[in-house]
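Here is a short briefing on one structure, to be read beside its sequence and coordinates. Topics run from whole chains down to single residues.

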Amino acid sequence: MKLLELLGYYNYWVFAVVLTVGLYAVIRKRNLIKKLIGLSIFQSAVFLLYITMDKVEGGTAPIIQKGVPDQVFSNPLPQVLILTAIVVGVSTLALGLAMVVRIKESYGTIEEHEILGAD
Amino acid sequence: MTFMEHLPALQVVVPMLSAPLIVLLQPRGLAWAGATAAGLASFAIAIALAMAVLDGQTQVYAMGGWAAPYGIALEVDAFSALVLLLVTGAGAAALLAARVSVDRQIEPERQPLFYAAWLLGLAGLAGIVVSADAFNIFVFMEISSLASYILIAGGPDRRALPAVFKYLIMGTIGATFYLIGVGLIYMMTGTLNLADMQARIGDVVALNPILVAAGFITIGLALKAAVFPLHVWLPNAYTHAPHMVTVFLAACATKVALYVLIRFDSMVFQDRLSDHEFQFTLFALPLAVLGILVASSVAMFEGHLKRLLATSSVAQIGYILLGASFVSEAGITASAMHMFNHALAKGGLFLAVACLAFHFRDLRLSELGGAARRMPLTCAALVVCGLSLIGVPGTAGFISKWLLITAALESGLWGWSLVAVILVSSLMAVVYIWRIVEALYFQQASAEGDTSFAEAPLQLLLVTWAVALLNIFFGLFPHLPLALANGSAALLVGGAP
Amino acid sequence: MIYVFALFLLTLLVITAVAIVRTENLFVAVMLTSIFSLLMAANFFILDAADVALTEAAVGAGVTTVIFLSALALTGDWEKPRPGGRTVALGTVGVLAMLLIYASFDKPRLGDPEAPVHQHVAPWYLEKTPEYMDIPNVVTAILSSFRGYDTLGEVFVVFAACIGVLFILGVKPARQTAAAPQPVSGLRHHLIPQVVGRLLVPFIVLFGLYVQFHGEYGPGGGFQAGAIIATGVILYALLEGEAEALRAVPRSVLLALVVGGALLYGAVGVVCMLKGGAFLDYSVLAADPVFGQQLGILVIEAGVGMAVCGALLSIFHAFAARESMT
């Protein structure tokens with residue numbers, strides 16, 4: 001199972017890289033929508049971190065079938081946590097977008113430097 | 001189960017479930033009345049809880065009947081009771097005073113949503129404080145954050161929007177950092193319950209993930225708590241928020257994040273990681289000192305009343321962190337006391353600002369001339385709270401500054417220089433409070449300005465004075481908060497389990 | 001070999017993320033975000049997280065994209081390029097990446113059954129779920145009972161987002177255009193989307209209901225169902241125009257769904273208290289604790305579904321209505 005081991009590291013590294021890419025967009029981009037897109041990538045990366053740790057070798061999704069002995073299940077808890085986190089993510093995003101819409105209406109732009117220049 | 005046993009759950013459930021009901025209360029005034037009733041009820045619950053834990057007991061509540069670590073546990077001890085008191089107290093007092101001010105700043109048809117968001121904010125903050133589960137803290141942190149974004153975005157000025165957007169971005173990054181940290185610890189310990197983490201983290205052999213987790217959690221919470229230099233979202237957000245929202249949030253929102261930081265650090269990391277105390281001091285102490293000095297000096301030159309007070313909050317967060325960074329019983333006591341006293345002082349100051357805003361549209365210091373003649377009672381309350389912020393003997397602020405100095409002296413080597421920092425920054429506080437006093441009392445009123453006597457509405461003024469008097473009361477009789485603060489310190493560093 | 005496929009998916013994920021950040025056309029970026037979510041969902045599926053995959057696909061790829069697009073319609077498609085060096089930003093995030101990769105070397109091996117995550121709490125859930133509530137899907141059991149308080153909190157996060165969007169977009173736009181709003185007719189004049197879409201809508205809603213009530217047995221539950229049904233209604237709105245969708249499901253109904261869902265969940269908790277148990281302790285709901293648990297789970301899942309569906313639709317309509325106002 002060498003491949004699984006490599007995949008293990010690869011999952012974590014992809015998490016790290018995607019997280020970084022998202023954060024880069026948040027810090028660097030001045031367009032507010034782009035910042036939010038970056039933020040949602042940033043949050044998705046964390047989902048990957050949690051879901052990666054739930055995997056058990058040879059396991060299946062944690063749905064118990066009666067009468068089947070010796071089933072191996074992957075860990076259900078990180079999945080529960082991420083279900084919550086996904087919904088939290090979309091909620092934050094919706095709120096952020098509503099603000100962007102209002103900013104566009106009152107400033108006529110959604111570029112950060114132009115907004116700062118306007119006041 | 002008896003009613004008393006249910007209190008920790010009710011502390012969260014009462015304001016939270018009231019929020020959807022408030023949305024339905026469309027007729028004008030009803031939404032306010034409902035929200036205030038819920039706010040006062042949760043304040044009463046907090047008082048009852050504080051009385052129950054005063055003798056050092058911890059109230060534990062197993063949500064859904066599932067014992068920790070399998071279910072989510074709520075825990076109320078002396079530290080949480082103290083923070084609960086100031087969260088619900090600030091929420092209820094601000095609500096009680098809010099009606100007239102909110103009527104001027106929020107359109108009637110949007111008010112039910114506004115008050116619902118307020119209650120959610122209250123429930124979220126209370127939920128963070130009572131929770132003993134790392135992930136549950138994240139969920140309630142998001143409830144309180146979303147609610148505060150909504151509340152701040154209610155500000156009448158368009159500048160509120162970019163300010164709150166920045167807060168949203170930084171707040172979400174903070175929360176996500178916290179989530180990463182919790183994930184890493186969960187990965188190494190297999191549990192989410194704080195006490196259980198504390199027990200199991202000692203068995204972890206590979207420490208790299210734990211160290212990285214400690215970093216992420218500390219930075220994430222520092223972002224939420226507006227610790228210098230991660231405070232950049234705070235001044236604008238507080239300045240442009242509706243006045244009553246500033247009262248509520250400035251009094252308690254950042255302190256709850258600090259509460260989690262202190263609790264998480266001392267429960268999970270300290271005495272489990274080698275040299276962690278030293279590292280924590282190394283990280284927190286310089287930030288605290290820099291925050292105190294830089295923010296105080298910025299406040300000295302700030303021209304807008306609300307932003308001046310908001311900037312001073314960053315310095316006050318520095319004091320709280322400074323106390324915590326000593327990792328000693330005296331330090332934590334000072335921290336906890338300063339949380340309480342600063343909430344009183346800053347809450348009172350912002351209440352007075354809300355009063356002033358009734359007759360002064362522009363809150364720049366240069367425009368406030370003649371305020372003392374028009375609104376003598378408001379200005380007097382403002383001065384009382386200002387004295388408490390400086391730490392003049394006889395006010396609540398003095399108690400915590402004194403404790404802080406004592407703790408600094410105990411901390412050894414750098415003790416005297418830290419005392420110097422505290423004294424210098426107190427002098428700076430004298431300067432910026434004096435600038436406000438000068439503007440209110442001695443500045444010439446602008447020529448066309450109305451100079452007749454015109455106090456703020458009675459309801460608002462009464463609450464403002466009540467808070468101002470509490471500043472003096474707790475300066476003379478600090479027994480209750482002091483008992484809770486001592487209890488907290490004993491729990492967190494005193495070796496109690 | 002499924003793991004080779006996983007490597008491939010993960011690589012695509014990184015490429016997509018970079019492409020999203022690099023493109024200056026926001027429309028393209030949003031579409032790529034949707035693809036990013038789908039890739040993520042596929043990846044979750046490979047890692048045995050069926051429930052999460054379903055949610056990510058419905059919420060991430062579906063609802064999020066629609067909300068993004070309706071915001072884009074109000075704010076414009078292009079971002080302005082930012083001149084100058086990117087060293088500082090790259091430096092900051094570079095340090096972060098290094099830190100995380102450093103931490104990864106001490107992590108337990110992927111899939112190692114001996115890893116601490118799989119030792120302490122998790123086996124207890126797998127072992128006790130049949131005993132305490134006798135439902136097959138352990139994820140649902142944890143979500144709605146063992147950690148039901150988290151889920152309650154989550155419903156209130158959604159509720160907060162909903163009232164927040166209504167509150168923030170509740171302000172009348174400053175510049176009312178004099179021209180009468182042109183009738184929004186959606187894609188009614190495009191034949192193919194209309195025919196295909198009309199066929200799809202009932203099936204989507206039906207599937208949503210299935211996911212809602214089958215959540216204890218297979219992957220699914222309130223969140224997924226709420227999101228799927230909301231997607232179905234949004235599709236209807238895209239086809240027939242927003243006004244038509246509002247006629248089918250009016251705003252007041254949506255608000256009632258959100259408030260009702262949140263209150264339903266809370267009320268179950270309060271009833272448990274009144275019956276002598278802890279908050280959200282469903283065992284006391286019926287004489288047989290196992291049946292009580294099942295009953296509680298069924299009711300709160302319905303509450304979650306109502307709240308999520310109502311909230312997502314309210315948010316969508318708040319954005320869409322703004323479009324016809326300005």
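The model is predicted. Chain C has 12 helices and zero strands. It contacts both of the other chains discussed here: 78 residues of chain A meet 86 of chain C, and 49 residues of chain B meet 46 of chain C.

**Chain C: fold and domains**

- The elements of chain C run α-α-α-α-α-α-α-α-α-α-α-α from the N terminus on.
- Along the principal axes, the C-alpha atoms of chain C fill a box of roughly 65 × 50 × 35 Å.
- Of the 326 residues in chain C, 52% are buried.
- Chain C divides into domain 1 (1-78) and domain 2 (139-172 + 185-326).
- The C-alpha centres of domain 1 and domain 2 of chain C are 22 Å apart.
- Between these domains of chain C, 14 residues of domain 1 contact 18 residues of domain 2. The domain 1 side has 10 nonpolar, three polar and one charged residues.

**Interface of chain A with chain C**

- Chain A gives 78 residues to this contact, and chain C gives 86.
- Helix H1 (2-28), helix H2 (32-53) and helix H3 (76-107) of chain A each supply at least two residues of the chain A side.
- H3(A) has the largest share of that side, with 24 residues.
- By class, the chain A side holds 48 nonpolar, 18 polar and 12 charged residues.

**Interface of chain B with chain C**

- Here 49 residues come from chain B and 46 from chain C.
- The elements giving two or more residues to the chain B side are helix H1 (7-24), strand E1 (59-62), helix H4 (111-130), helix H5 (134-153), helix H6 (160-189) and helix H8 (208-225) of chain B.
- H5(B) provides the largest share of the chain B side, 11 residues.
- The chain B side divides into 36 nonpolar, 11 polar and two charged residues.

**Helix packing in chain B: H3 with H10**

- The axes of helix H3 (residues 78-105) and helix H10 (residues 243-269) of chain B come within 8 Å and cross at roughly 165°.
- H3(B) and H10(B) are therefore roughly antiparallel. Their crossing is left-handed.
- The H3(B) residues in this contact include Phe79(B), Leu86(B), Gly91(B) and Val102(B), and those in H10(B) include His243(B), Phe248(B), Lys255(B) and Arg263(B).
- The contact of H3(B) with H10(B) has 16 nonpolar, three polar and two charged residues.

**Helix packing in chain B: H12 with H17**

- Helix H12 (residues 305-325) and helix H17 (residues 415-442) of chain B pack at about 165°, with axes 11 Å apart.
- H12(B) and H17(B) are therefore also roughly antiparallel. H12(B) passes H17(B) in a left-handed crossing.
- Leu305(B), Leu308(B), Ser312(B) and Ala315(B) of H12(B) make the contact with Ser425(B), Ala429(B), Tyr432(B) and Ile436(B) of H17(B).

**Val493 of chain B**

- Val493(B) sits in the segment after helix H19 (479-492) of chain B.
- Val493(B) counts as buried because 22 C-beta neighbours lie inside 10 Å.
- Beyond neighbours within four places in sequence, Val493(B) contacts Ser266(B), Val327(B), Ser328(B), Glu329(B) and Ile332(B).
- The C-alpha atoms of Val493(B) and Tyr432(B) are separated by 35 Å, and the two residues are 61 apart along the chain.

**Backbone exceptions**

- Most peptide bonds are trans, and most residues other than glycine have a negative phi.
- A cis peptide bond joins Ala68(B) and Pro69(B), with omega about 5°. Pro69(B) lies in the loop between E1 and strand E2 (73-76) of chain B.
- The bond from Phe228(B) to Pro229(B) is cis too, with omega near 0°. Pro229(B) lies in the loop between H8 and helix H9 (234-240) of chain B.
- Asp134(C) is not a glycine, yet has a positive phi of about 55°. Asp134(C) lies in the loop between helix H5 (122-132) and helix H6 (138-146) of chain C. With 15 C-beta neighbours inside 10 Å, Asp134(C) counts as partly exposed.
- Leu280(C) has a positive phi near 70°. Leu280(C) lies in the loop between helix H11 (251-274) and helix H12 (289-325) of chain C. With 30 C-beta neighbours inside 10 Å, Leu280(C) counts as buried.

Note on methods:
Residues are numbered from 1 along each chain as its sequence is written. Chains are lettered from A and ligands numbered from 1 in the order in which they are written. This is a predicted model: local features need pLDDT of at least 70, side-chain atom pairs count only at pLDDT 80 or more; totals for chains, interfaces and linings use all residues. Domain bounds come from an automatic or database domain assignment. Two residues are in contact if their C-beta atoms, placed from the backbone, lie within 7 Å. Ala, Val, Leu, Ile, Met, Phe, Trp, Tyr, Cys and Pro count as nonpolar, Asp, Glu, Lys and Arg as charged, and the others, Gly among them, as polar. Helices (H or I, at least four residues) and strands (E, at least two) are DSSP runs, numbered from the N terminus. Axes are lines fitted to C-alpha atoms, for helices over the stretch in contact, and angles run from 0 to 180 degrees between N-to-C directions. Angles under 35 degrees count as roughly parallel, over 145 as roughly antiparallel, 65 to 115 as roughly perpendicular and the rest as oblique. A crossing is left-handed if the near helix is turned anticlockwise from the far one by less than a right angle, and right-handed if clockwise. A residue is buried if 20 or more other C-beta atoms lie within 10 Å of its own, exposed if 12 or fewer, and partly exposed in between; C-beta atoms are placed from the backbone.
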